[in-house]
Amino acid sequence: MTSNISRRKILAGLGATAGLFAAPHIARAQGSAGRVVVIGGGFGGATAARYIKLFSPDIDVVLVERDATYVTCPFSNYVLAGIRDINSITHGRDPLRQRYGVRLVRGEATAVDTSARSVKLKDGANLPYDRLVVAPGIELNYAGVPGWSERAANTVMPHAWKAGPQTVLLRRQLEAMADGGTVIIAPPANPFRCPPGPYERVSMIAWYLKTRKPKSKILVLDAKDAFSKQGLFMAGWESQYPGMITWIAGKDGGKVESVDPKGMTVTAGFGKEKGAVINVIPPQTAGKIALDAGLAESNGWCAVDPNNFASRKAQNVYVLGDASIAGQMPKSGTSANSQAKVVAANIVASLRGVQPPAAVYHNTCYSLVTPDYGISVSDTYRPGPQGPTLVPNSGGVSPARATAAQRKAEAEYTMGWYASIIADTFG
Amino acid sequence: MSFRIHALAVALVLTAGSAVAQQRIPLNDTALAAQGCNVCHGSQSYLSPTMPAIRGVDAATLYTALIELKTDKRPSTIMGRISRGYSDEQLKALADYLSKN
């Protein structure tokens, strides 16, 4: 109720100045440092909003977000394992308003008029902008797995690839499963959100089964022939969960051809398997608003300038995070956070009419094999002709041979990374 | 050991100050690159529970640490991999910036 009232006030305030933006030749509102609208309040969008304010508090920043709170995909695998509570990975955005002056608008962006520079919301409101940040994350392709559907996902075969109720549903199914059952996990082909995520999920479900239902098995039916941190994960599975996990590559018949939600079976190249719990991670595209706004390529993802993540399709628009085609950067929360800082600096520079700073991007993804066994990939990128490109002779994954103390240290740093990136993103 | 002492000093300064009084980030190459450290190490307004605090640490101490990490003279989990993404000059500029911000 209170959020409705405050939203009406915000929209009324925006409406009062909307006339100034009606004429496209006016660069920005007189006497104002400019207005930025950000669509999406996840790792990318929230970081962009916060850093624009940190660089330049006088810029008007409006963050449009459909949901009241954000449940992070990072650490949602720990909810599945039973070592984190869903509430501990659920975050509000009030500090962005209270500490930094970001205006929060609850609503769903349904269209973008890139020539009039205006975002239309589902409730009919229009938000004018000088610069637009589009950070909608991903859209799941329910039709991408024959036999599967949104209804199947919400009942018997969850994706849990957008954290929240889906995470809780998958956790409940693991809890309800009898000891000795098989958990089937089906990861998609590249590209998709969080490349190491399915394999950390395998590890965390294995942790739960080993400690609670040790006769159970995990079958990974993969569309791919290789995956992120593969050597590290597979060595970890062998040492921590011997005999529990079978991974079948796409070339060996792992690619899922269809699923049957009624019979709880999965048919892949090598045959039909019955699962007690089945987790379908479907193919994905950029979030719907990016597609509707005409910002995506025919492959469903958004091409951007590697120097600043400016859209290749529309002026004054920036697309970042999972929705973007980011060269060698993976689709991760840390990537989105890093891209958002470069976008924020570029938007501030363009509104001031000054040269932007040079882009440098960074990604670190920690994964847990057990609660005391962490592994990581960490890389630095600079703009290149094919997008952000790895800096030669730097970065990489954790060493193949490491002591238990080193793996434990990385597990502790996993916790530190999460606390810090949440503070860095949501304030 | 010196990291630990500095972390405490930074913590005291932070708790004494107000969360609202954010320092404006300048628009230059080094300041932008330095914001990348925040996702693990925290920032002016937040200290990581597990990573060493790096802001406010003496610039020479920080630069020496970064070079030793880069050349694997100092063992690390990921900082060796990260520091090799920057030239010595860039690391020096980052150390200077982080020491003052």
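**Figure 1. Asp424(A) and Lys341(A) meet in a salt bridge.** In this predicted model, the side chains of the two residues come together with N and O 2.7 Å apart. Asp424(A) sits in helix α11 (residues 404-426) of chain A and Lys341(A) in helix α10 (residues 333-352) of chain A, so the pair ties together parts of the chain that are 83 residues apart in sequence. Both Asp424(A) and Lys341(A) are buried. Elsewhere, salt bridges that share partners link Arg35(A), Asp60(A) and Arg103(A) into one network. Over all chains, the count comes to 21 salt bridges.

**Figure 2. Arg117(A) and Asp130(A) pair up from two loops of chain A.** Here the salt bridge has its closest N and O atoms 3.6 Å apart. Arg117(A) belongs to the loop between β6 (109-113) and β7 (118-121) of chain A, while Asp130(A) belongs to the loop between β8 (126-128) and β9 (131-134) of chain A. Is Arg117(A) buried or exposed? Arg117(A) has a relative accessible area of 11%, so it counts as buried.

**Figure 3. Lys224(A) and Asp222(A) form a salt bridge.** The closest N and O atoms of this pair are 3.0 Å apart. Lys224(A) has 6% relative accessibility and therefore counts as buried. Asp222(A) comes out at 0% relative accessible area, so it is buried as well.

**Figure 4. Asn279(A) reaches a backbone oxygen with its side chain.** The residue is part of strand β17 (residues 277-280) of chain A. The oxygen in question belongs to Pro158(A), and the side chain of Asn279(A) gets to it at 2.9 Å. Asn279(A) counts as buried because its relative accessibility is 1%. Which residues does Asn279(A) touch, not counting those up to four places away in sequence? They are Pro158(A), His159(A), Ala160(A), Leu170(A), Ile184(A), Ile185(A), Ala186(A) and Arg201(A).

**Figure 5. Ser376(A) holds a polar contact with Arg81(B).** Now we move to where the two chains meet. Ser376(A) lies in strand β23 (residues 373-384) of chain A. Its side chain and that of Arg81(B) are joined by a polar contact of 2.9 Å. With a relative accessible area of 0%, Ser376(A) is buried. Leaving aside neighbours within four places in sequence, Ser376(A) is in contact with Ile78(B) and Arg81(B) from chain B. From chain A, its contacts are Lys229(A), Cys365(A), Tyr366(A), Gly396(A), Val397(A), Ser398(A) and Glu410(A).

**Figure 6. Arg81(B) also forms a salt bridge with Glu410(A).** The closest N and O atoms here are 3.8 Å apart. How many salt bridges are counted between chain B and chain A? The count is one. Polar contacts across the interface come to 13 residue pairs, with both residues at pLDDT 80 or more. On the side of chain B that touches chain A, the elements giving two or more residues are α2 (29-34), α3 (38-41), β1 (42-43) and α5 (79-83) of chain B. Among these, α3(B) gives the largest share, four residues. Sorted by class, that side has 14 nonpolar, 15 polar and four charged residues.

**Figure 7. Chain B buries area against chain A.** The size of an interface is often given as the accessible area lost when the parts come together. Between chain B and chain A, the buried area is about 3,200 Å², and carbon and sulfur atoms give 63% of it. On the chain B side, Leu27(B), Val39(B) and Arg81(B) lose the most area to chain A, together 25% of what that side buries. In terms of contacts, 33 residues of chain B meet 46 residues of chain A.

**Figure 8. Chain B has six helices and two strands.** Starting at the N terminus, its elements run α-α-α-β-β-α-α-α. Chain B has 101 residues, of which 40% count as buried. Its accessible surface comes to about 5,100 Å², with 62% belonging to carbon and sulfur atoms. Of the contacts in chain B between residues at least 6 apart in sequence, 58% join residues at least 24 apart.

Terms used: Residues are numbered from 1 along each chain as its sequence is written. Chains are lettered from A and ligands numbered from 1 in the order in which they are written. This is a predicted model: local features need pLDDT of at least 70, side-chain atom pairs count only at pLDDT 80 or more; totals for chains, interfaces and linings use all residues. Side-chain values use heavy atoms; hydrogens and water are left out. Contact means heavy atoms within 4.5 Å. Buried area is the accessible area (1.4 Å probe) that two parts lose on being put together, summed over both. A salt bridge is a side-chain nitrogen of Lys or Arg within 4 Å of a carboxyl oxygen of Asp or Glu. A polar contact is a pair of N or O atoms within 3.5 Å; within protein, one must be able to donate a hydrogen and the other to accept it, and residues adjacent in sequence count only if both atoms are side-chain atoms. Ala, Val, Leu, Ile, Met, Phe, Trp, Tyr, Cys and Pro count as nonpolar, Asp, Glu, Lys and Arg as charged, and the others, Gly among them, as polar. Buried means under 20% relative accessible area, exposed over 50%, partly exposed in between (1.4 Å probe, protein chains only). Accessible areas come from the Shrake-Rupley method with a 1.4 Å probe; for residues, only the protein chains shown count as cover.
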